[in-house]
Amino acid sequence: IFAFTPKGDVIDLPFGANAIDFAYHIHTDVGNKAVSTEINGERLPIVTPLQTGDTVKIITSKKANPKRDWLSIVKTNHARTKIKEHFNNK
């Protein structure tokens, strides 16, 4: 699928990817601090699957951390690896 950042950058993700995958594609810190998302201007849970053409904004919080259950939700190896690294470093 192809999703867009608010600035119009194209992010290529596998079918079934969600906003967590999108966040980690942008930057590890964005993924680690993600709490929710805005998809096409609508505030939705961070686990919401994306569709081609969606414009995605990740909402972050300085106090947020990844959740262990994200490991079974994400579709990209990159996101899974970064989540595991977070827990291995703790």
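Helices of at least four residues and strands of at least two are DSSP runs, numbered from the N terminus. The model is a predicted one.

**First stop: N18**

Select N18, which is found in the loop between strand 2 and helix 1. Is N18 buried or exposed? Its relative accessible area is 2%, and a residue counts as buried under 20%, so N18 is buried. Now display its surroundings. Not counting residues up to four places away in sequence, N18 touches I46, V47, T48, P49 and L50, together with I73 and V74.

**Second stop: V47**

One of the residues touched by N18 is V47; select it next. V47 is found in the loop between strand 4 and strand 5. With a relative accessible area of 36%, V47 is partly exposed. Once its neighbours within four places in sequence are left aside, V47 is in contact with N18, I20 and I73.

Select residues 19–26, which form helix 1. How many of the eight residues of helix 1 are buried? The number is six, and the helix is mostly covered. Colour A19, I20, D21, F22, A23 and Y24 to see these buried residues. They pack against several elements, which may be shown one after another: strand 1, strand 2 (10–12), helix 2 (28–32), strand 3 (34–39), strand 5 (56–60) and helix 3.

Two packed helices are described by the angle between their axes and the distance between the axes. Which residues make the contact? On the side of helix 1 they are I20, D21, Y24 and H25, and on the side of helix 3 they are H78, A79, K82 and I83. By type, the residues of this contact divide into four nonpolar, two polar and two charged.

Select T76, in the loop between strand 5 and helix 3. T76 is buried, its relative accessible area being 13%. Leaving aside neighbours within four places in sequence, T76 is in contact with L13, P14 and D21. Select Y24 as well: T76 and Y24 are 52 residues apart in sequence, while their C-alpha atoms are 9.2 Å apart in space.

Return to helix 3 and select H86, which lies in it. H86 is buried, with a relative accessible area of 13%. Beyond its neighbours within four places in sequence, H86 is in contact with N32, N65 and P66. Then select F87 together with R68. R68 lies over the face of F87, at 4.1 Å from the ring centre. A search for aromatic pairs, by contrast, finds zero in the whole structure.

Select F4, placed in strand 1 (residues 2–4). F4 is partly exposed, with a relative accessible area of 28%. Not counting residues up to four places away in sequence, F4 touches D9, V10, F22, G53, D54, T55 and V56. F4 and I59 are 55 residues apart in sequence, and 15 Å lies between them from C-alpha to C-alpha.

Move on to D12, whose place is in strand 2. Its contacts, with neighbours within four places in sequence left aside, are I1, F2 and H25. D12 and I58 are 46 residues apart in sequence and 16 Å apart in space, C-alpha to C-alpha.

**Last stop: N40**

Finally, select N40, in the loop between strand 3 and strand 4 (42–45). N40 is partly exposed, with a relative accessible area of 49%. Examine its backbone: phi of N40 is near 55 degrees, a positive value in a residue other than glycine.

How values were computed
Residues are numbered from 1 along each chain as its sequence is written. This is a predicted model: local features need pLDDT of at least 70, side-chain atom pairs count only at pLDDT 80 or more; totals for chains, interfaces and linings use all residues. Side-chain values use heavy atoms; hydrogens and water are left out. Axes are lines fitted to C-alpha atoms, for helices over the stretch in contact, and angles run from 0 to 180 degrees between N-to-C directions. Contact means heavy atoms within 4.5 Å. Ala, Val, Leu, Ile, Met, Phe, Trp, Tyr, Cys and Pro count as nonpolar, Asp, Glu, Lys and Arg as charged, and the others, Gly among them, as polar. Buried means under 20% relative accessible area, exposed over 50%, partly exposed in between (1.4 Å probe, protein chains only). Rings of Phe, Tyr and Trp (its six-membered ring) pair if their centres lie within 6.5 Å; planes under 30 degrees apart count as stacked, over 60 as edge-to-face and the rest as tilted. A charge sits over a ring if NZ of Lys or CZ of Arg is within 6 Å of the ring centre and within 35 degrees of the ring normal.
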